[in-house]
Number of protein chains: 2
Amino acid sequence: MNGEKELELARERVIDAISKNMNLYGVTESIGRLYGAMYFQEGPLTLDEMKEELGMSKTSMSTSVRSLLELKMVGKVWKKGVRKDLYQAEPDWYQTFIDFFTIKWRAGISLNISAMQKSLSEIQSLVDNERVENHVKNQANLDIDKLTSAIEYYEWLNRLVDSFESKEIFEFIPKKTEKS
Amino acid sequence: MNGEKELELARERVIDAISKNMNLYGVTESIGRLYGAMYFQEGPLTLDEMKEELGMSKTSMSTSVRSLLELKMVGKVWKKGVRKDLYQAEPDWYQTFIDFFTIKWRAGISLNISAMQKSLSEIQSLVDNERVENHVKNQANLDIDKLTSAIEYYEWLNRLVDSFESKEIFEFIPKKTEKS
DNA sequence: AAATACGTACAGAAAAAACTGTACGTACTG
DNA sequence: CAGTACGTACAGTTTTTTCTGTACGTATTT
């Protein structure tokens with residue numbers, strides 16, 4: 001008993017939880033496991049080391065690591081004298097959380113707001129057009145209300161994301177609870 | 001030109017954006033379209049009406065609506081004299097947002113915290129065991145630090161979720177900006 | 001300049017997920 | 001108490017996604 005196996009198992013359990021968790025938000029379990037594996041490494045890893053670690057193809061490592069880069073969950077590291085690309089897991093989970101959701105939320109916000117504004121003005125012109133039938137106008141007016149309040153919600157979400165990005169959220173929910 | 005087609009197209013664009021957005025968080029586009037379609041309906045819908053609306057099987061509607069129920073994005077509605085089950089989209093997107101992420105985050109939190117606490121105590125016992133090799137102990141100590149701060153992060157996230165559930169978040173980020 | 005190392009585009013194979021139709025249990029209806 | 005309506009479990013099919021191996025472009029070494 002030198003403890004190596006036990007440590008490995010304990011890590012494995014956590015890696016599993018991490019990847020299942022990430023999977024809840026549409027990230028592949030493989031990508032999650034890669035992040036988890038990198039998280040427990042002391043230093044940065046090369047693609048070949050990842051391939052070794054997870055027993056998967058180098059191609060997969062390449063694409064998976066790119067996904068993690070886009071999510072800012074790993075960073076590329078430069079090290080003197082090393083030719084291979086090196087990647088390291090972002091260790092600060094507050095930051096990871098913020099990046100992850102900021103990226104997704106912003107994408108969703110702009111997607112939805114632009115679609116809604118476009119449709120909103122189209123629908124408005126239906127209401128303004130006297131050749132449009134009345135029952136359609138009624139529906140149109142209902143839709144206008146819905147879209148208006150949906151846009152309002154997205155503006156709120158935008159402000160929420162701002163407070164994440166600026167870290168102001170930590171003034172509202174501090175990282176540590178007050179000692180009593 | 002009675003405007004019906006134009007209204008339909010304008011809605012379609014928004015439904016598309018909604019479903020693509022939901023898809024970012026691991027929800028099928030079909031399920032997203034179903035929510036979108038329901039969102040624009042005036043009243044609640046039966047499974048058969050949904051099937052009609054989306055041109056899909058009733059089985060799919062049944063399972064999709066169940067997913068939406070679990071996410072609290074739709075609710076079951078009772079209406080006198082109607083035998084079929086009726087479902088209605090939750091119209092308040094603030095609430096939808098809160099429910100959606102609260103559900104997911106809480107699931108992830110408990111998953112991770114319990115895995116981490118278990119592993120943490122296992123790793124601690126490696127450190128305490130004098131038969132464990134030194135280089136393993138060093139690794140173990142690093143892991144303890146990582147897990148400890150990860151758990152701290154999850155406790156923060158838990159408090160954040162609390163503030164969503166209790167609506168206190170709206171004191172920090174108000175629904176409407178102050179009029180100037 | 002040839003040889004080697006490295007990362008990734010791309011096409012095909014393998015695996016997973018989404019979707020459908022049938023079948024069946026339950027609950028109403030006449 | 002038939003007969004009908006309704007929702008969903010389940011098995012099989014279709015579609016999508018993930019994963020791999022090969023091939024190739026670029027960069028580095030000799």
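## Polar contacts between the chains

Chain A and chain B are joined by 34 residue pairs in polar contact, both residues being at pLDDT 80 or more. A polar contact is a pair of N or O atoms within 3.5 Å; within protein, one must be able to donate a hydrogen and the other to accept it, and residues adjacent in sequence count only if both atoms are side-chain atoms. The side of chain A that touches chain B draws two or more residues from each of α1 (4-24), α2 (29-40), α5 (93-128), α6 (134-165) and α7 (169-172) of chain A. Helices here are DSSP runs (H or I, at least four residues), numbered from the N terminus. The largest share of this side, 18 residues, is supplied by α6(A). By class, the side holds 38 nonpolar, 13 polar and 18 charged residues. Ala, Val, Leu, Ile, Met, Phe, Trp, Tyr, Cys and Pro count as nonpolar, Asp, Glu, Lys and Arg as charged, and the others, Gly among them, as polar.

## Basis of the model

This is a predicted model, in which local features need pLDDT of at least 70 and side-chain atom pairs count only at pLDDT 80 or more, while totals for chains, interfaces and linings use all residues. Residues are numbered from 1 along each chain as its sequence is written, chains are lettered from A in the order in which they are written, and side-chain values use heavy atoms, with hydrogens and water left out.

## Extent of the interface

In the interface, 69 residues of chain A are in contact (heavy atoms within 4.5 Å) with 69 residues of chain B. The two chains bury about 6,600 Å² between them, 65% of it on carbon and sulfur atoms. Buried area is the accessible area (1.4 Å probe) that two parts lose on being put together, summed over both. In chain A, the residues that lose the most area to chain B are Arg13(A), Trp156(A) and Phe172(A), together 10% of what that side buries.

Six salt bridges are counted between chain A and chain B, each a side-chain nitrogen of Lys or Arg within 4 Å of a carboxyl oxygen of Asp or Glu. In one salt bridge, the side chains of Arg11(A) and Asp143(B) meet at 2.7 Å, N to O.

The same surface serves both copies, as 100% of the contact residues of chain A recur in chain B.
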